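User: Got a model open here. Can you walk me through how it packs?

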Amino acid sequence: MNSSITHLTTSSPEYNSVSANFKSQFQHSTSPKIHSVLKINMSNQFMNRFENFKKQRKNCSKLQLYHGTKYSCNIKDLKSTEMLCSHFRCGVCGIIKNGPKLTMANSNGNGRFIWFAPFPHVSHGYTGTNSAPGQVYTTSKFAAIFMMDVIDATPFQSCYIVGNEEAILPKYLVVYEI
Ligand SMILES: [Zn+2]
């Protein structure tokens, strides 16, 4: 089964815990306004790969970290799996479908790593639109940050870096404006 998303209603306990954490950890002069919280259900194959990795590294810590990325579609109205786009520049839809990819990641001078932050306001700097020339999106005031489970992440400056795609499980996508 392919990965899918579930749009959480504001009355669900999951919505409330994710949005409360996000807002309390977002240290900024203005508080982010949460637009939506999507639960990510990665494919069975992806889940199995993560669970196997977790078993192999059972003495390693599991952290819940943030990952900001850019988007190329209408994330404001994103509610169902059918609405995911296939634009190669859309980090949001690409990560939901396939997880974060090292091939799309930035180097820190010592190779490519997928970057995470312990706080969403740090990830905010990596959000925004990634539209092709001539394309205009009406949702550009919105930003999207993933919450992911990460095993054995390495602290680097004020962030964390991960060099293994198997160590990462996307859990939620928070769409917000600030
Ligand atoms: Zn997209």
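User: Is helix α3 mostly covered or mostly uncovered?
Analyst: Mostly covered. Six of the eight residues of α3 (91–98) are buried. Buried takes 20 or more other C-beta atoms within 10 Å of a residue's own, with C-beta atoms placed from the backbone. Helices here are DSSP runs of H or I, at least four residues; strands are E runs, at least two, and both are numbered from the N terminus. This is a predicted model: local features need pLDDT of at least 70, side-chain atom pairs count only at pLDDT 80 or more, and totals for chains, interfaces and linings use all residues. Residues are numbered from 1 along each chain as its sequence is written.

User: Which residues of α3 are buried?
Analyst: Gly-91, Val-92, Cys-93, Gly-94, Ile-95 and Ile-96.

User: And what covers them?
Analyst: The cover includes β1 (4–7), β2 (33–41), β4 (70–71), β8 (142–151) and β11 (168–177).

User: Switching to the sheet. What is the strand order?
Analyst: β1-β2-β11-β8-β3, an open sheet with antiparallel pairing. Strands pair if DSSP finds at least two bridges between them.

User: Why do β1 and β3 each have a side without a neighbour?
Analyst: β1 and β3 (62–68) stand at the edges with a single partner strand each, so one side of each has no neighbour in the sheet.

User: How many bridges join β8 and β11?
Analyst: Nine, in the antiparallel sense. In β11, Val-174 is the bridge partner of Ile-145.

Definitions and conventions. Buried ≥ 20, exposed ≤ 12 C-beta atoms within 10 Å, placed from the backbone. Contact = placed C-beta atoms within 7 Å.
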